Amino acid sequence: MLCIAPDPVKHAEELFELIRICNGIPPATSRESYIGHSHYDWGASQIGIIDGKMVAHYGVWGYEMRIGSARLKTAGVGAVATHPDFRGKGLSSELIASCLAAMQVSGYAMTRLSGIPNFYHRFGYVRGWVENVYTAAVDDVAQAFLPVDESGCHNSEMPAPPKAKLAPCPPTALVELADAYNRQYRLATGTAVRPTFLVSAKVVEHHEVVRWGRGAYVVVKVDAEAKALRCCEYVGDATEALGVLGALAREKGCEKVLFESVPARSELIRILTRGNCDRRTAYIRSGGSMIRLISLAKTLEAMRGEFERLLRSSELAKWRGRLFLGWEREIATLVIRGGRVSVEEGGVSKHALSGGHAMAQLLLGTDEPGVTVESGGLRLRGDAKRLVPVLFPARDPVLSFADRF
């Protein structure tokens with residue numbers, strides 16, 4: 001099989017048809033929003049050709065992913081497809097290997113995908129984060145932020161939504177509201193720096209954007225079967241957003257509100273969890289949201305400022321020395337001098353952190369660092385045992401549904 005980058009002129013329509021056959025996405029959607037008018041990377045994506053026919057595809061959507069204040073060039077993977085007539089021949093493995101090499105050439109630091117169970121771990125992908133879904137009854141959505149009276153009880157009256165008129169608008173409004181999103185989630189790990197899709201294929205058919213005031217909105221859809229209003233994103237004042245969601249849920253005949261892909265450390269979730277709600281957390285070792293390092297050096301370079309920010313507020317603010325990091329065949333060194341950090345390729349040090357693909361989880365903050373070190377078989381030497389908890393804290397990463405590929 002010949003593995004090459006698709007040509008946007010020569011291969012586009014054949015690619016859209018392959019995606020229709022394998023992924024059920026209409027060619028018009030690929031043309032107008034999913035691939036066209038998006039951050040699809042024609043140079044890093046790969047297609048497989050046999051006898052002049054396109055039989056496989058591994059798509060890359062390039063974006064900047066936040067890790068605290070850092071911004072990593074990240075390859076989001078989607079529309080993975082093998083024509084039914086050519087399955088079971090190992091073509092996916094060949095194409096993935098080719099695409100990982102293309103990602104490296106294109107300068108990506110990390111890659112992320114939403115994987116099928118028990119497959120992508122073979123190529124170095126590991127769990128990126130857990131998927132949290134918070135569920136609250138409509139009345140509890142309101143009571144989460146109501147003041148408590150002297151008896152310790154909430155006033156149960158449903159508050160009115162903000163005075164500003166609610167304005168339903170199409171998902172294309174997310175492009176107009178990108179600056180507001182970026183301001184609110186500037187330190188939210190896992191989120192994408194917008195704009196990504198100009199017309200989000202993930203939300204355009206089934207979701208509604210409801211906005212009020214300036215730069216305040218929620219992205220919702222009704223789940224009629226569950227009698228639930230699903231919220232996958234909010235921007236603006238958290239208490240106003242809860243008031244809006246409560247009003248919308250009642251208006252649409254919903255009994256509960258579900259919050260999906262909303263950052264666990266957001267003000268809305270903090271308020272919600274002070275009241276009554278359920279949280280379902282899915283841990284999936286191979287499947288779900290998965291990540292993989294592409295370049296250790298590029299990741300560390302992108303995170304230098306974030307490392308300095310963390311060091312300044314820690315007991316190691318005045319620490320001086322070199323921290324060796326080894327991953328696969330790549331070696332890099334963090335040079336730390338009194339809170340300032342630089343990155344060198346190669347190097348040696350008595351303070352060392354090394355291991356396999358779990359290194360990506362440590363850098364991203366997938367879990368508590370001690371858990372990642374133990375479960376991922378990472379090896380620590382010298383002051384690495386003191387530095388790791390400071391430099392690589394747990395961060396509760398998540399990517400908004402509207403940015404997923």
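Is Arg20 buried, exposed or partly exposed? At 37% relative accessibility, Arg20 counts as partly exposed; buried means under 20% relative accessible area, exposed over 50%, and partly exposed in between (1.4 Å probe, protein chains only).

The model is predicted, so local features need pLDDT of at least 70 and side-chain atom pairs count only at pLDDT 80 or more, while totals for chains, interfaces and linings use all residues. Residues are numbered from 1 along each chain as its sequence is written, and side-chain values use heavy atoms, with hydrogens and water left out.

View 1. A salt bridge is a side-chain nitrogen of Lys or Arg within 4 Å of a carboxyl oxygen of Asp or Glu. Helices (H or I, at least four residues) and strands (E, at least two) are DSSP runs, numbered from the N terminus. Glu17 is partly exposed, with a relative accessible area of 32%.

**View 2. Glu13 and Arg31 meet in a salt bridge.** Their side chains come to 2.8 Å, N to O. The pair links distant parts of the chain, 18 residues apart: Glu13 belongs to helix 1 (residues 12-23) and Arg31 to helix 2 (residues 27-34). Glu13 counts as partly exposed at 46% relative accessibility. Arg31, at 35%, also counts as partly exposed.

**View 3. Asp403 forms a salt bridge with Arg194.** The closest N and O atoms of this pair are 3.0 Å apart. Asp403 lies in the segment after helix 13 (384-391), and Arg194 in the loop between helix 6 (178-184) and strand 9 (208-212), so the pair ties together parts that are 209 residues apart in sequence. Both residues, Asp403 and Arg194, are buried. A network of salt bridges links Arg194, Glu233 and Asp403. In total, the structure holds 20 salt bridges.

**View 4. Gln361 is buried in helix 11.** Helix 11 spans residues 358-364. The relative accessible area of Gln361 is 10%, which means that this residue counts as buried. Leaving aside neighbours within four places in sequence, Gln361 is in contact (heavy atoms within 4.5 Å) with Val126, Arg127, Ile291, Thr366 and Thr372.
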